[in-house]
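Here is a short report on one protein structure. Keep the sequence and the 3D view open as you read.

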Amino acid sequence: MATSPCSSSGVSSSSSSGLGADAGLEIRTRSVEQTLVPLVSQITTLINHKDKPKRSDKTLQAIQRVGQAVNLAVGRFVTVGEAIANENHELKEEMSVACIEARRAGETIAQLTDVASLDHPESDSHITIFTDKTGVVKAARLLLSSVTKVLVLADRIVIKQIITSRNKVLATMEQLEKVSSFQEFVQIFSQFGNEMVEFAHLTGDRQNDLKDEKKKARMAASRAVLEKCTMMLLTASKTCLRHPDCESARINKDGVFHRMRLALEQVIEIVTDSRPNGESEMPPISIYSGIKEFKNKVEGLRENLYFLSKENLSTMLEVILEHTEDFTDSAYTSHEHREHILELSKQAKMELEQLVSVWMQAQNQKTKDLMEDLEVAILKTCQCMNELKREVHSAATSLAADLLKYHTDHMILKALKITGVEGNLEAVAEYTCKLSEQKEQLVEMCRLLRHVSGTEPLEITCIHAEDTFQVTGPQIISAAETLALHPSSKIAKENLEVFCEAWESQLSDMSVLLREINDVFEGRRGEKRVYLSLPRPGKHNANLKALKPVKLDTEEQAKIAKLGLELHLLTSDVDSETEKWEDQENEIVQHGQGMSSMAYSMYLFTRGEGLLKTTQDLFHQAEIFATEGTKLAAALQAFSDQVHNDDKPLLLLEAEKLMAMCKQLQITAKASVQGKSATFTKVDACILKTRNVMTLLCQLLPLCCKLLRKNKAGNGCLKPAPPWRQDRIRTGTNGHTAERRTETFGIKSLEHHVTNMTFLESK
């Protein structure tokens, strides 16, 4: 029977790939997990290989080469680990122990695979892979455990970098809060901008690397807050400096600083997986998740009549119906929806009573008739819950659609700007009351949408939207009051504009969120990752001038609509192809999904929707898309080493074609243009080249999937790590700058060395 080293190892099974961490160390990132997956697979193959009866001289020589290759690769890996330990004294002891264990395991595997010189390994007194199964499993266990520990410890350095970056941002924020002159503010804000850029890059990489989609969504929300608040902090601080005795200006500025600190704190909670004062996170319970769990329990009665109590089931339904009161008690739910929800709630109670009655009888007497009655009761209960789910979804989404349509003209914001410039305090007070009413409507909308969002990441997006409306509403009011008190102040006017833009932006984002919620409900589209490019170009430059947003007008959108539609169809094709892959964690799939997400954002831009608001946003997104495509091309080149020689030229040709197309897109996106006509031409070129890359991607994904299956379907052979790959691995030396050392001594560096341990390749 096949044996896996994980089955008897100290590596806890906490992930989809069966990998976890020894001694309480948990793998939270894809980079660590992806580094270990091939190692687990290949060591398992090595252990199971000894059960094969046929042992030719060629096989024995291959086994010995494998053992030597493993030992050499482990040696290089340990060297990097020791270098990391020397650079980070707080990890030195733990890292050193893990490195010693890894070296010992590598040497043991080399000894056990030293079989090439043995004509009859079984009869020889020398202990080998063929005679000592326990020794091989033990060595494999020690190797996996120690390598995992080294990788997870190295990952702590990344966390430490994020914490250090956050601390620098906080320290500079404290200085910004205390400044009393414009000159000092300009100097410190320039430093703050650079620190925010560094923090943005570190957290962006971490966000994309997180395994937990819920944490990833929380990180995206926090980074979105920081992105918007950076511009708010600039204008609010300038307004306060210009009008130091104005109470509303001070309140406005304090609100921005407070929100940024909360967002920074949440980022640290996510990366360290901790909460203040040891509080446990209480996830919000939605009607959707409650119904899903309830139905699973009900349907589980088909397999086991005794695995839960009737009280347990009744309590679950009570909780769901209690949450429906958010709809029935809401002033914004229509009379028709309210009546239907109350009727279905009453029906659900009746169906459960009938189910419990038949269930109790079936426990005492399992007759054919009773089991048929039970099946009918299960079906009726589940059908009722589905109808309830459909009704609350309709209530929430129809309310959201109506509110978003009603507020699309932003009349209240426009009135606040006009009355503020006029210095009409009475009119400003009147419109701030109306804005408060609008805020309450939108907050209620977000709460109801959360119940029907369908996925945890979308739930978190709804919570983030609710918080944004709750906070931004009062900030707009304080900014409007400041302008009304100082109607001739340009900076007060600019400050109000910034907060109004944040409100309008959140309303626009709600339209996208509503569409995604409907797509998930109707099964049209899975979760789409949001790629945030925080901070956006031009928002943190020292001259404190924001880039003037450039948006496509209606005529330009009409011209580019056909290209956008083609791009949309291609993203659907790519998503369909990636879903066909058995291994969703494959690097090629990951890059393909990322490119599809970014292309989808660009498609939304052509419709005047989504997170990309200006042409500058689009160009920046195109650059990131091209970079992701370049990474995919590199992954394809690496994959070509694993395929048959007959297939390799075609794959390399396609990879080179992709690389060239991505370089062309990068050149186009970075090109400087002036004037409306030239800008539109550049937009058109970027969308066109993105479409061409996506077309190629649609051809590449099925090709790679086919080659991967062909590769796995072969009879398997032992193959040592290729010499060219060994030559590429170089250990970092002294004399590097701090920046270079950070790049060398991290997870990515260790990934290269673990690559040399993927010593068995299936043909």
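## A cavity and its lining

Helix α15 supplies the largest share of the lining of the second largest cavity, four residues. Helices here are DSSP runs of H or I, at least four residues long, numbered from the N terminus. The model is predicted: local features need pLDDT of at least 70, side-chain atom pairs count only at pLDDT 80 or more, and totals for chains, interfaces and linings use all residues. Residues are numbered from 1 along each chain as its sequence is written, and side-chain values use heavy atoms, with hydrogens and water left out.

The lining consists of V512, R515, E516, D519, Y600 and L604. Both α15 and α17 (587-606) give at least two residues each. By class there are three nonpolar, no polar and three charged residues. (Nonpolar covers Ala, Val, Leu, Ile, Met, Phe, Trp, Tyr, Cys and Pro; charged covers Asp, Glu, Lys and Arg; the others, Gly among them, are polar.)

## Cavity count and volume

The structure holds two cavities of 30 Å³ or more. A cavity is a set of points, on a 1 Å grid over the protein atoms alone, where a 1.4 Å probe fits but cannot get out; lining residues have an atom within 4 Å of a point. The second largest cavity has a volume of about 30 Å³. Volume is the space filled by probe spheres set on the points, which are joined across faces, edges and corners.

## Salt bridges across the chain

There are 25 salt bridges in the structure. Each is a side-chain nitrogen of Lys or Arg within 4 Å of a carboxyl oxygen of Asp or Glu.

R261 pairs with E177, with the closest N and O atoms 2.5 Å apart. This pair links distant parts of the chain: R261 is in helix α7 (residues 247-272), E177 is in helix α4 (residues 133-178), and they are 84 residues apart. R261 is partly exposed at 27% relative accessibility, and E177 is partly exposed at 28%. (Buried means under 20% relative accessible area, exposed over 50%, partly exposed in between, with a 1.4 Å probe and protein chains only.)

K214 and E456 form another salt bridge, at 3.9 Å between the closest N and O atoms. K214 sits in helix α6 (residues 213-242) and E456 in helix α14 (residues 456-485), 242 residues apart. K214 is buried at 18%, whereas E456 is partly exposed at 42%.

K417 meets E497 at 3.3 Å, N to O, in a salt bridge. K417 lies in helix α12 (residues 411-422) and E497 in helix α15 (residues 490-522), so this pair ties together parts 80 residues apart in sequence. A network of salt bridges links E247, R250 and D254.

Terms used. On a 1 Å grid over the protein atoms alone, a cavity is a set of points where a 1.4 Å probe fits but cannot get out, and a pocket is an open set with protein on both sides within 12 Å along at least five of seven lines; lining residues have an atom within 4 Å of a point.
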